[in-house]
Amino acid sequence: MDLAFTPEEQSFREEVRAWVAAHLPADIAHKVHNALRLSRDDLQRWAKILGKKGWLGYGWPKQFGGPGWNAVQKHLFEEECARAGGPRIVPFGPVMVAPVIMAFGNAEQQQRFLPGIASGEVWWSQGYSEPGSGSDLASVKTRAERQGDKYIVNGQKTWTTLGQYGEWIFCLVRTSTEGKPQTGISFLLIDMKSPGVTVRPIVLLDGEAEVNEVWFDNVEVPAENLIGEENKGWTYAKHLLSHERTNIADVNRAKRELERLKRIAKAEGVYEDQRFRDEIAKLEVDVVALEMMVLRVLSAEKSGKNSLDVAALLKIRGSEIQQRYSELMMLAAGPYSLPFIFEAMEAGWQGDHVGAAHCAPLASTYFNQRKTTIYGGSNEVQRNIVAQVVLG
Amino acid sequence: MDLAFTPEEQSFREEVRAWVAAHLPADIAHKVHNALRLSRDDLQRWAKILGKKGWLGYGWPKQFGGPGWNAVQKHLFEEECARAGGPRIVPFGPVMVAPVIMAFGNAEQQQRFLPGIASGEVWWSQGYSEPGSGSDLASVKTRAERQGDKYIVNGQKTWTTLGQYGEWIFCLVRTSTEGKPQTGISFLLIDMKSPGVTVRPIVLLDGEAEVNEVWFDNVEVPAENLIGEENKGWTYAKHLLSHERTNIADVNRAKRELERLKRIAKAEGVYEDQRFRDEIAKLEVDVVALEMMVLRVLSAEKSGKNSLDVAALLKIRGSEIQQRYSELMMLAAGPYSLPFIFEAMEAGWQGDHVGAAHCAPLASTYFNQRKTTIYGGSNEVQRNIVAQVVLG
Amino acid sequence: MDFNFSDDQEQLRDAVRKWVEKGYGFARRREIAATGGFSREAYSEITDLGLGGLYIPEADGGLGMGPVEGMVVMEELGRGIVLEPFGQTLVGSGILSAYAPEEVRAEWLPKIASGEALVVLAHQERAARYHLDMCQAQASATAGGFSLSAHKSIVPAGDHADAFLVPAQLDGRIALFLVARGAAGITTRGYATQDGARGAELTLADTPATLLTREGLAALEHAVDIGIAALCAEAVGVMDMTLAVTVEYMNTRKQFGVAIASFQALRHRVADMKMQLELARSMSYYASLQLNAPAGERRRAMARAKYQLGQSMRFVGQQAVQLHGGIGVTDEYIVSHYFKKLTQLEMTFGDTLHHLGEVSERMQETAGVFA
Amino acid sequence: MDFNFSDDQEQLRDAVRKWVEKGYGFARRREIAATGGFSREAYSEITDLGLGGLYIPEADGGLGMGPVEGMVVMEELGRGIVLEPFGQTLVGSGILSAYAPEEVRAEWLPKIASGEALVVLAHQERAARYHLDMCQAQASATAGGFSLSAHKSIVPAGDHADAFLVPAQLDGRIALFLVARGAAGITTRGYATQDGARGAELTLADTPATLLTREGLAALEHAVDIGIAALCAEAVGVMDMTLAVTVEYMNTRKQFGVAIASFQALRHRVADMKMQLELARSMSYYASLQLNAPAGERRRAMARAKYQLGQSMRFVGQQAVQLHGGIGVTDEYIVSHYFKKLTQLEMTFGDTLHHLGEVSERMQETAGVFA
């Protein structure tokens, strides 16, 4: 047992740190460190910079052009990016659809789609959730009917994060109504510029259009865009869902944000108030405990063991911590969190802030973070999973 | 709306207060105020004093020799007794079986049993729970077979509080196995001196024998001891369960114990420690909110309304508060709560205390209070009830 | 000891509820929020119900009603998450009635009663957080009276209000002043607030002001306590509706083929929400019934109430969103608006940790409601 | 970064687990608890496994092992809720190995390793609560060395121990001494403790003592930190078993015709217990892995760990009893013994609020495990 990273791991970390310091645009890092609004361009600029280095698909094996890092290296990469103020990588292409294409796509699909994902050129979206499906993903209703060498797709997806920017979308579609709901689902890649695709942004409680509804009205999709076999899509989707492991805890971001919380608390004069400070101290222990849990998983993965079935635990705890630090930041500013000035969350805004510039996004972030215990399988569903493991 | 009690209520309170001050034996009050062990004699002495005044059955209507008080008067009586350090009235006779005898017993039964209950002469026990029944009371297995003018009772009851002192026990017994479990239950009064009755104390986690198992081995019970009709016992039992209202919250005791907590915290030097003091402050608000909720119910009852279906809410909150104050007292003494000296919880013990005399019972009380969220319908069952009311 | 509402109070409740239900639907509220967060027309409709004079003595042309009536009204406005800051009218009219000299009363109280004038409290300063005794605004005597220099923040509907109650330092202690909107040297900068309503920064530069009382801190504490009692009642109204829409949603929404109201873990959550709502309602009663108590008792009661309400609001708001799932975080569906309102109320007049401190400091040996 | 146990560590674990399962069943434990709470025989069986020398350098006749081995052993002893205070042996041997002069090492370390001597920490004073720097015991120099006058409380197995580590004031600061059981002026008064084990009051009146170090506070903090790391591991073992018996019970016990393990609200409670257990286990690793860090880092790490463990122990213990229902509060069934052990551990070496204060005071700008 050893808490310290190995010298090799340390030097890997330093290499990544130096590269990120040299390549992460300062304007983007400024926005991330201050929770200001990130544009499509910001996200894609960073993605392309990473893509050029070959690190956008940082979890990819070498065979597909990835760096072939192990679990610890991936974690260190994520940590260094988070620390430096890199925006979270939009996961739909490199983290979500790419592993499915690698595992179940044919060679032609791999050659056609992976390069655009790896370079950050093509913006992918996710088409899983449907109105009313919630955590019951198998209740897919969007139909894809095979007609010759095409599928005709009709239906609606929703909660499509950043779908307004999407160029391609990977969808679960129903190709058969026989058998259990899980059977009869296929995994289809759809060009969002196809006639019949309509995207409508959904405004969330913080005023931002972060997610979208996507309609398919007789959309023609070449049959060659089907991944794997027809009616086997559920298997591929589950593969994808199981792919995310430790990153789901988002502990690296939590560390960065905990430091930001301390800065805000100092600026607002509550860091020396024992009552408020204690709340930060509790969160600090929560973050350390979460990080230890993440490190345990990484250690197990590195040595090929599986010490702990923890994806659900990490999701629950990570999301609770995200909500808590955003809540404490808002409470630190107190009354000065209350003004809602939409433009004040734009970098370089020249208007007069109420209180201080750092106050402007705090309530919005808190509101927005309520999603974290709902999405990606609600925390209630995650507790079902944990209980199943423990109780049978 | 008015928060203050009426002048009539105030003078009622003063009358009770003066009487209690004059009649509650000081040695008993001392034990109650210091959470020392109460003997059978202590409990019965106080019961008989109350009985002589006609206040043991303080909830009884005048027709049966009770004072005929309204809900507010009953509350004020309870509050004054609690405040002065009166032990809780052992409820099985005056509070639990008596209302059933009044409502469903015949005149002969009323004449035979009520006087001994009212005077505190006869100690009653409760025979509801059975091994494995838990919150599922309708699963009664103890059988009573009618043979001529007798029932022959066989089976086992458990969790019979203070049953080791019991002279009579009221039991739910199965007289029929037809239909739903709720049908086929009868309500029977059994003389505990009958041949075939065996009582075995169960030692609880605090080392005290507070509850008992009671076995019935071919116990002959005269048929005249049946309350109401055969197989209708479930109805009577439900009547009994619904009879307890606000007292279930035990807010009067909570107020007394909160004051004791403050005294202990001062003696232990943590009352001025902001962290600890804040925990007391939180509890103080909890107690005030609970008391307000109780007062709302009393007000509604006084005016014949039913503003709020709250028995379950009061049970949940009251028990949580009981647990919390006992926990905080223990934590206040900290390491000095750790010695377990059984005799040190006896009034007048001449041995050397560890730390201070007030430390001796703190952990035992904390341990013992874990029962409060389990008994009387566990808090989980209470939440089911609340949810049923709110959600349907 | 009596918690029944009188027939008059019930009629008052019915009148406000009717207006909220018929006159202040979600669509109208959304429209007002989108156009700045304050509608003078809507505010006038409230005062047209006669509510402007609720806390104004009959001798001054008001209704001479008390905290219970204030509570009834605020609870109903809360149910409609009404954006117009009627709680401020209770504060403004209550404080002017209690502290203002005769000529100020004569000038302002009838206008408040009729709805012609909206008077709000402008006390928040940057360095003060929730501490009422921290005040940097400066007052000085002038030939004709007094003038103020101050910067006050997050003044409710501050760019629509007709006058402000402003605490400022005078001769080394806090005094309370009235500043009329038209006075020289006033600047307001309005903005939306998180709950969809309106706030403003108020800057005074040598602005003429009328002295209400040199016992400004006591008056400010009184003002805030009126505000807390009103806020508690408003919050109960909001939570009532929050729980109601959550229950309705859970009985409608299906997952895995059954209504989500059938899942025990969620049912227990709802039971906990109901608990928090009833504790909050109990403490809202307590706040209103103690609002006329002597200052020490009154302050303790408000701290206790706001502490309970703060906890309840946070739990009920967060859980309502959670139980709604994805739709709970959309702007389109009403529950997020309840949630944001509850969040804002928690941070108004002192948040939960602040009031824990107040309770802790004011703790006595005795315990309970009457202690 | 590696959390795998070595083969040697796994063998150590197996050996201790085997002894606990075969040699220290619930019946034997009950017997020991009923007859005073400490069995020299059982303690010898532990040291006969070779564990007495775990923290003693090989040069001094020990095994020269480290905190990870200590953790492994304590976790297993925790699973058996073993009454004999082996954690104290880690403290005593660790501190003597680190601070004692050569002749003291030579005299005591072999006896500790063999199990012949049990050395425990005697630091609790009435006025000190959990503050290690509050010490009223007095030391003074005598012709032959030093003598102590002190009253120390709740000394683990204090009336069975063969020597005590005692902090006392010497020349205005805290020094640490060793006091042998046979020394003049010693009185012990033993009693049962809440977890069924043994404690004692220790009174010293001009008792001859051996000075270990004049840097007594640093040594005492070190001692307590060894104790905290051991306690965290022990607690993980206890919680592991607590959850296991709860799971077993829930799958057996029926209510309303079905196993109570089928109720979703209870299932989620179990998920929360599992969460607390895994957080606790993670922080137990952290504590042991930081035990040899520089004092400042070490103290911060122990405070963080004990804070997490305190929360976890309270939640897991209370919920286990609750999920058992009535049987959970009986002496007969094992879960109440786990619960009482967890309760006692929470109040040992500083409770949860105390360590929250420690974390809060030691907070830095940076965040995370390596901060």
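Student: Which residues of S4(A) point one way and which the other way, and are they buried or exposed?

Tutor: This is a predicted model, in which local features need pLDDT of at least 70 and side-chain atom pairs count only at pLDDT 80 or more, while totals for chains, interfaces and linings use all residues. Residues are numbered from 1 along each chain as its sequence is written, chains are lettered from A and ligands numbered from 1 in the order in which they are written, and side-chain values use heavy atoms, without hydrogens or water.

From S4(A), A:Trp168, A:Phe170, A:Leu172 and A:Arg174 point one way, whereas A:Ile169, A:Cys171 and A:Val173 point the other way, and all are buried; buried means under 20% relative accessible area, with a 1.4 Å probe and protein chains only. In a regular strand the side chains alternate between the two faces of the sheet. Because 7 of the 7 residues of strand S4 (residues 168-174) of chain A are buried, this strand is largely enclosed by the rest of the structure; strands here are DSSP runs of E, at least two residues long, numbered from the N terminus.

As for pairing, which requires that DSSP finds at least two bridges between two strands, S4(A) pairs with strand S1 (residues 124-127) of chain A in the parallel sense over 4 bridges, and with strand S5 (residues 185-191) of chain A in the antiparallel sense over 7 bridges. A:Phe170 takes part in both pairings, as the bridge partner of A:Gln126 and with A:Leu189 as its own partner in S5(A).

Definitions and conventions
Buried < 20%, exposed > 50% of the residue type's maximum accessible area, 1.4 Å probe, protein only.
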